[in-house]
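Here is a short report on one protein model. It moves from the overall fold to individual side chains.

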Amino acid sequence: MSDAQKAAYEWMKRRGSDAAVAKTKAGGQQIMAQGDIAPFTVSTRKKMVVAGMAEYYQVGQQKRFRLLEKNHD
């Protein structure tokens with residue numbers, strides 16, 4: 001696990017392990033959890049998904065990002 005993935009994992013864990021994927025006016029995406037915008041990049045999120053640390057899922061029209069139950073500490 002890279003330092004960026006560790007930092008992103010800890011950030012998510014401190015905010016309940018679940019976040020909304022918000023679209024920006026410029027057409028990009030930001031992760032928002034408990035009123036905070038995630039300090040990590042899209043590439044870090046993708047690497048977390050590939051590593052089995054997190055997943056994207058859909059609730060109605062809202063795309064979300066969450067940590068999976070596996071222990072990655």
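## Basis of the model

The model is predicted; local features need pLDDT of at least 70, side-chain atom pairs count only at pLDDT 80 or more, and totals for chains, interfaces and linings use all residues. Numbering starts from 1 along each chain as its sequence is written, and side-chain values use heavy atoms, with hydrogens and water left out.

## Overall fold

The protein has two helices and five strands. Their order from the N terminus is α-β-β-β-α-β-β. These elements are DSSP runs, numbered from the N terminus: helices are H or I with at least four residues, strands are E with at least two.

The C-alpha trace spans about 35 × 25 × 20 Å along its principal axes.

## Surface and contacts

The accessible surface is about 4,700 Å², and carbon and sulfur atoms hold 51% of that. Accessible areas come from the Shrake-Rupley method with a 1.4 Å probe; for residues, only the protein chains shown count as cover. Of the 73 residues, 32% are buried. Buried means under 20% relative accessible area, exposed means over 50%, and partly exposed lies in between.

Contact means heavy atoms within 4.5 Å. Take the contacts between residues at least 6 apart in sequence: 44% of them join residues at least 24 apart.

## Helix α2

Which residues of α2 are buried? They are Thr 44, Arg 45 and Met 48. These residues cover an arc of only 100° around the axis, so they lie on the same side of α2. The arc is that of the directions from the helix axis to the C-beta atoms. Cover for the buried residues of α2 includes α1, β2 (29-33), β4 (54-59) and β5 (62-67).

The face turned away from the buried side carries Lys 46, Lys 47 and Val 50, which are exposed.

## Arg 45

Arg 45 belongs to helix α2. Its relative accessible area is 2%, so Arg 45 is buried. Leaving out residues up to four places away in sequence, Arg 45 touches Gln 29, Ile 31, Phe 40, Tyr 56 and Phe 65. Arg 45 and Ala 8 are 37 residues apart in sequence, and their C-alpha atoms are 8.1 Å apart.

## Aromatic rings

There are two aromatic pairs in the structure. Rings of Phe, Tyr and Trp (its six-membered ring) pair if their centres lie within 6.5 Å; planes under 30 degrees apart count as stacked, over 60 as edge-to-face and the rest as tilted. Trp 11 and Phe 40 are edge-to-face, because their planes meet at 80°, with ring centres 5.6 Å apart. Trp 11 lies in α1 (residues 3-14) and Phe 40 in the loop between β3 (36-37) and α2 (42-50), so the pair ties together parts that are 29 residues apart in sequence. Trp 11 is buried at 5% relative accessible area. Phe 40 is buried at 12%.

Tyr 56 and Phe 65 form a tilted pair, 5.1 Å centre to centre with 55° between the planes. Phe 65 is buried at 0% relative accessibility, while Tyr 56 is partly exposed at 28%. The charged end of Lys 63 sits over the Tyr 56 ring, 4.5 Å from its centre. The charged end of Arg 66 sits over the Tyr 57 ring, 3.8 Å from its centre. For a charge to sit over a ring, NZ of Lys or CZ of Arg must be within 6 Å of the ring centre and within 35 degrees of the ring normal.

## Positive phi angles

Most residues other than glycine have a negative phi. Ser 17 has a positive phi near 70°. Ser 17 is in the loop between α1 and β1 (18-23) and is partly exposed, with 23% relative accessible area.

Gln 34 has a positive phi near 50°. Gln 34 is in the loop between β2 and β3 and is exposed at 60% relative accessibility.

Notes
Buried means under 20% relative accessible area, exposed over 50%, partly exposed in between (1.4 Å probe, protein chains only).
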